[in-house]
Amino acid sequence: MRDQTSAPAAAPRRPPQPPGTAPRPGTRPGPHPAAPDPVPPPPAGATPAAAPAPPAPRPLGERRLWPRSFADRLTTPMPGLRAYARLAREGAFRPGPDGLRGIPDLPCAPAPLPVLAPGTSCVTWAGHASWVVRTGGLTVLTDPVWSRRILATPARMTPVGVPWEDLPPVDAVVISHNHYDHLDAPTLRRLPRHTPLFVPAGLGRWCRRRGFARVTELDWWEAAELDGVRFDFVPAHHWSKRTLLDTCRSLWGGWILTDTRSPAPHKLYFAGDTGYGHWFAEIGRRHPGIDLALLPIGAYAPRWWLRDVHADPEEAVQACTDVGARRMAPMHWGTFVLSAEPVTEPLERVRAAWDRAGLAREDLWDLPIGASRCW
C-alpha cells in the first residue's frame with residue numbers, strides 16, 4: 001500500500017480483496033508492540049542514516065508465537081463500504097473485449113532450463129509471481145502456482161512456463177503472502193513434505209497443518225540461511241487474507257536471496273505483491289548491491305482501487321531505481337486476469353517507462369513466460 005507518512009493525512013487509498021474473499025471495513029490501529037522499529041522516509045534533503053548491520057540468521061524451523069493481527073503493518077486502512085459500492089457501480093473488474101484481444105499475443109516461450117556454470121545464478125519465469133530461482137547451488141520456487149485456475153478467477157491465459165515434471169529437485173520455497181494467486185495449496189501438495197518453506201510470520205501453522213515439517217516463519221528484516229543461501233524477509237505495501245475471518249492474521253512481504261558462499265555473492269530481490277511506497281528505498285539501503293529485482297507490473301486498474309497494493313509499470317521502474325537494483329525482471333502480469341487493464345498493456349508501459357528513465361535496455365529482462373536469464 002502506498003505510504004503517506006511523509007505528508008499530513010491524505011484521503012486513504014484502499015486495497016482490494018484477493019480472489020474469493022471480502023475484507024471487513026476497518027481502520028488502521030496503533031503500533032503493535034511486536035512490530036519492528038518503524039522506518040519513515042527521511043525529510044527532503046536529509047542525509048540518509050547508515051544501514052543497520054544485517055541480523056543474525058534465525059534457526060530453521062523455529063516455532064514462534066506471533067500477534068493475533070498484523071493490521072498495524074498496513075500502509076493504509078482496509079476498504080470501506082463506500083469503496084465497494086463504487087466498485088460495484090463502475091463494474092471495472094475485468095478488461096473489456098478490446099482489452100482481451102491481446103491474449104494470443106502474450107509472450108510465452110517455454111524452453112528447457114539452461115545448464116548453469118559454477119558460480120552462476122539463473123531465473124526462469126513460470127508465470128505470474130512464480131519463478132524458478134537457481135542460486136548458490138539451490139533451486140528455489142517463489143510463490144509457486146502451477147494450477148490452471150485459482151479461486152474465483154478465470155483460467156490462465158498462458159500455460160505454465162515450466163512443466164512440473166521438468167523441474168529439478170526443489171530445495172526451498174518462499175511465499176510472499178497468503179492470497180490465492182500467491183499461495184496455491186494444490187501446487188504445494190505436489191512437493192515432498194520435507195521441502196523447506198520460508199513464509200511470513202503467522203503463516204507457519206497453515207503450512208504445518210498440510211504436513212510440511214521444515215517451515216521457517218520470519219518477521220520483516222529477519223533472515224534465515226539454508227546451505228549457503230540467505231533468505232531475508234523485507235516489507236511490502238500489501239495485506240493478507242484467505243478466508244472471511246483471517247484478515248491480516250499473517251504478514252506479507254518480499255524476499256532477498258543471497259548466495260553467501262560465492263566470491264562475488266549474487267543477490268536477488270523478489271518483491272512478491274506490492275504497491276509503491278517508501279519501503280523500496282529502505283530495502284535498498286539495508287540490502288545494497290541487488291543484482292536483479294523481480295517486480296510486479298500488472299493488476300493495477302482501476303487505479304483508485306488498486307494503487308495502494310499493486311504497483312503500475314511506471315512505479316515498478318521507480319521501485320527498481322529505489323532499491324538500487326542493477327536489473328529488473330517484470331512479473332505479475334500475462335497469466336491471470338485479475339483487473340481491468342488490457343492484458344498486453346503492462347509490458348508496453350514498462351518498456352516505455354524504462355526507456356524514459358534512461359536505463360540500459362539490456363538490464364530490463366522482460367522475459368516471455370518460460371524463458372530464463374542467467375548472470
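Student: Hi! F198 and W255: buried or exposed?
Tutor: Both F198 and W255 are buried. Keep in mind that this is a predicted model.

Student: Got it. What kind of pair do their rings make?
Tutor: An edge-to-face one, because the planes of F198 and W255 stand at 75°, with the ring centres 6.4 Å apart.

Student: And where in the chain do the two residues come from?
Tutor: F198 belongs to strand β5 (residues 197-200) and W255 to strand β9 (residues 254-259).

Student: Where do W146 and W164 lie, and what does their pair tie together?
Tutor: Each lies in the loop between β3 (138-142) and β4 (172-174), so the pair ties together parts that are 18 residues apart in sequence.

Student: What are the relative accessible areas for those two tryptophans?
Tutor: W146 has 7%, so it is buried. W164 has 18%, and it is buried too, because the cut-off is under 20%.

Student: Switching to charges over rings: what lies over the face of W304?
Tutor: That's R86, at 3.9 Å from the ring centre of W304.

Student: And which residue has its charged end over the ring of W206?
Tutor: R210 does, and its charged end sits 3.9 Å from the centre of the W206 ring.

Student: Okay, new topic, the sheet. In what order do the six strands come?
Tutor: The order is β7-β8-β9-β10-β11-β12, in an open sheet with mixed pairing.

Student: Which strands are at the edges?
Tutor: β7 (223-226) and β12 (327-331), each of which pairs on one side only. From one strand to the next, the twist averages 20°.

Student: How many bridges join β11 to β12?
Tutor: Five, and β11 (residues 292-296) runs parallel to β12.

Student: What's the bridge partner of L294?
Tutor: A329, in β12.

Student: Last one: which strands does helix α7 lie across?
Tutor: Helix α7 (residues 313-323) lies across β10 (267-270), β11 and β12. Relative to β11, the helix runs at about 150°.

Technical notes:
Residues are numbered from 1 along each chain as its sequence is written. This is a predicted model: local features need pLDDT of at least 70, side-chain atom pairs count only at pLDDT 80 or more; totals for chains, interfaces and linings use all residues. Side-chain values use heavy atoms; hydrogens and water are left out. Two strands pair if DSSP finds at least two bridges between them. Helices (H or I, at least four residues) and strands (E, at least two) are DSSP runs, numbered from the N terminus. Axes are lines fitted to C-alpha atoms, for helices over the stretch in contact, and angles run from 0 to 180 degrees between N-to-C directions. Contact means heavy atoms within 4.5 Å. Buried means under 20% relative accessible area, exposed over 50%, partly exposed in between (1.4 Å probe, protein chains only). Rings of Phe, Tyr and Trp (its six-membered ring) pair if their centres lie within 6.5 Å; planes under 30 degrees apart count as stacked, over 60 as edge-to-face and the rest as tilted. A charge sits over a ring if NZ of Lys or CZ of Arg is within 6 Å of the ring centre and within 35 degrees of the ring normal.
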